[in-house]
Amino acid sequence: MAFRKEPPYTHGSPASTAVVLVNLGTPDAPDAPSLRRYLRQFLSDPRVVEIPRAVWWFILNGIILPFRSSKSAAKYASIWTEEGSPLRVHTQRQAAALGVQLAARGHHQLQVTYAMRYGTPSLPQVLDQLKEQGCTRILVLPAYPQYSGTTTASIFDAVFEHYRQVRNIPELRLIRNYHDQDGYIQALRQSVLDHWELNGRPDKLVMSFHGVPKRTLLLGDPYHCECYKTARLLAQSLGLSEGEYLVTFQSRFGKAEWLQPYTAPTLQELGRQGVRRVDVMCPGFTSDCLETLEEIAMEVKHDFLQAGGKEFHFIPCLNEAPAWIGGMVEIVEQHLAGWPTMSNVAARDEAARQALISVERAKALGASQ
Ligand SMILES: C=CC1=C(C)c2cc3[nH]c(cc4nc(cc5[nH]c(cc1n2)c(C)c5CCC(=O)O)C(CCC(=O)O)=C4C)c(C)c3C=C
Ligand SMILES: [Fe+2]
Ligand SMILES: [Fe+2]
């Protein structure tokens with residue numbers, strides 16, 4: 001095996017720790033050639049499609065890429081913004097806001113950046129850059145709250161694959177999931193309450209997660225359970241009873257059975273049953289993207305209204321909501337424990353601040369007893 005020609009670490013660099021927010025990826029442009037490139041890389045990942053390679057190669061190159069690329073390009077064109085793909089725009093803004101908040105909390109020897117599992121900026125590109133900048137500690141934060149072999153594990157694969165070819169590798173931490181972390185659940189709760197404050201409440205709140213093949217659940221993937229745990233915690237935090245919310249799975253791909261109930265048919269059924277208003281949110285997506293803005297807010301909305309529903313609200317993803325940036329700070333700080341990201345002075349100030357909070361808390365508790 002050959003090692004890459006790698007830059008040495010820059011000693012004494014001010015930011016020796018980096019947080020890398022990693023999202024799925026998105027095409028560079030909403031056109032067929034860009035989609036072909038993106039889908040080829042995405043759908044060639046054995047974590048994503050588990051069909052034997054030789055068979056899959058023919059299906060992918062003979063059927064999927066020729067037909068799906070232009071269809072998907074048209075869908076992307078319907079959500080594309082002046083700044084580019086929504087998924088990329090939100091991921092970039094989240095990383096920037098997270099960096100600002102962490103710096104404000106005293107983490108000065110730390111930088112936050114972002115990378116994509118498929119497409120650009122690629123993980124190898126970003127990890128090389130960080131090395132060049134002297135980062136000797138890397139915390140990988142996947143944009144997926146729920147662990148799935150098809151997504152989270154694939155990011156881990158790409159990180160390991162990259163460092164297999166590097167001689168002098170940094171200290172690494174990988175965040176596996178945060179589907180039940182308070183910072184995430186509270187940010188979701190806030191986004192729902194904000195929507196309800198402006199628009200009133202629905203007859204049903206639908207929580208739609210991205211689907212995966214049912215087979216992965218039977219083979220031990222915890223994704224399904226983690227989605228249900230997120231939904232239960234969110235429903236509890238909103239004070240919803242069982243009949244007031246539903247969990248569904250969207251974006252089925254191919255002919256095999258995926259996790260059920262499927263989102264689109266469920267909403268059609270709700271429309272037929274005379275449910276007047278539904279609010280649909282996608283808690284598994286931390287930023288809006290094709291699957292939320294086109295599939296849910298356009299296609300599924302159309303299906304529900306056609307079937308007899310009267311009002312359809314899409315509750316946007318967390319994106320750059322302040323509560324979510326705060327939630328990410330909480331998650332990241334838990335995983336930074338023991339890593340010196342603060343200057344001595346900032347660390348001392350932060351310790352003093354925490355001590356003061358504890359004293360005030362103890363006083364308040366004492367007073368209330
Ligand atoms: C082929 C199987 C697929 C699996 C398994 C899968 C799992 C999975 N995906 C996400 C998140 C996203 N997927 C997105 C798009 C997308 N997903 C698939 C296929 C599988 N996903 C395809 C083919 C596409 C491309 C669009 C299309 O042609 O339909 C996106 C949106 C990206 C964007 O650019 O906006 C996200 C995000 C999760 C979380 C997940 C498993 C848990
Ligand atoms: Fe997907
Ligand atoms: Fe889709």
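A residue is termed buried if 20 or more other C-beta atoms lie within 10 Å of its own, exposed if 12 or fewer do, and partly exposed in between, with C-beta atoms placed from the backbone. The structure described here is a predicted model, in which local features need pLDDT of at least 70 and side-chain atom pairs count only at pLDDT 80 or more, while totals for chains, interfaces and linings use all residues. Residues are numbered from 1 along each chain as its sequence is written, and chains are lettered from A and ligands numbered from 1 in the order in which they are written.

By the criterion above, Phe-209 is buried, because 26 other C-beta atoms lie within 10 Å. Phe-209 belongs to strand 5 (residues 204-210); strands (E, at least two residues) and helices (H or I, at least four) are DSSP runs numbered from the N terminus. Beyond its neighbours within four places in sequence, Phe-209 is in contact with Cys-227, Phe-249, Pro-283 and Gly-284, contact meaning that the C-beta atoms of two residues, placed from the backbone, lie within 7 Å. The C-alpha atoms of Phe-209 and Met-281 are 8.6 Å apart, although 72 residues separate the two in sequence.

Strand 5 pairs with strand 6 in the parallel sense over six bridges, where pairing requires that DSSP finds at least two bridges between two strands. Within this arrangement, Thr-248 of strand 6 is the bridge partner of Ser-208. Strand 6 (residues 245-250) is mostly covered, five of its six residues being buried.

His-210 also lies in strand 5. Not counting residues up to four places away in sequence, His-210 touches Gln-250, Ser-251, Gly-284, Phe-285 and Glu-291. With the same exclusion, Glu-291 is in contact with His-210, Gln-250, Ser-251 and Phe-285.

His-210 is also among the residues that come nearest to ligand 1, together with Thr-26, Ser-72, Cys-289 and Leu-290, out of 23 residues around it; a residue is near a molecule if its C-beta atom, placed from the backbone, lies within 6 Å of it. Helix 2 (53-77) and helix 10 each supply at least two residues of this shell. By class, the shell has twelve nonpolar, nine polar and two charged residues, with Ala, Val, Leu, Ile, Met, Phe, Trp, Tyr, Cys and Pro counted as nonpolar, Asp, Glu, Lys and Arg as charged, and the others, Gly among them, as polar.

The domain assignment gives domain 1 (17-179 + 322-344), domain 2 (182-315) and domain 3 (345-369), with bounds from an automatic or database domain assignment. Ligand 1 lies between domain 1 and domain 2, because both give residues to its shell. The centres of these two domains, taken over C-alpha atoms, are separated by 24 Å. Their contact takes 27 residues from domain 1 and 22 residues from domain 2. On the side of domain 1 that touches domain 2, helix 11 (322-336) is one of the elements that supply at least two residues, and helix 11 gives the most, with seven residues.
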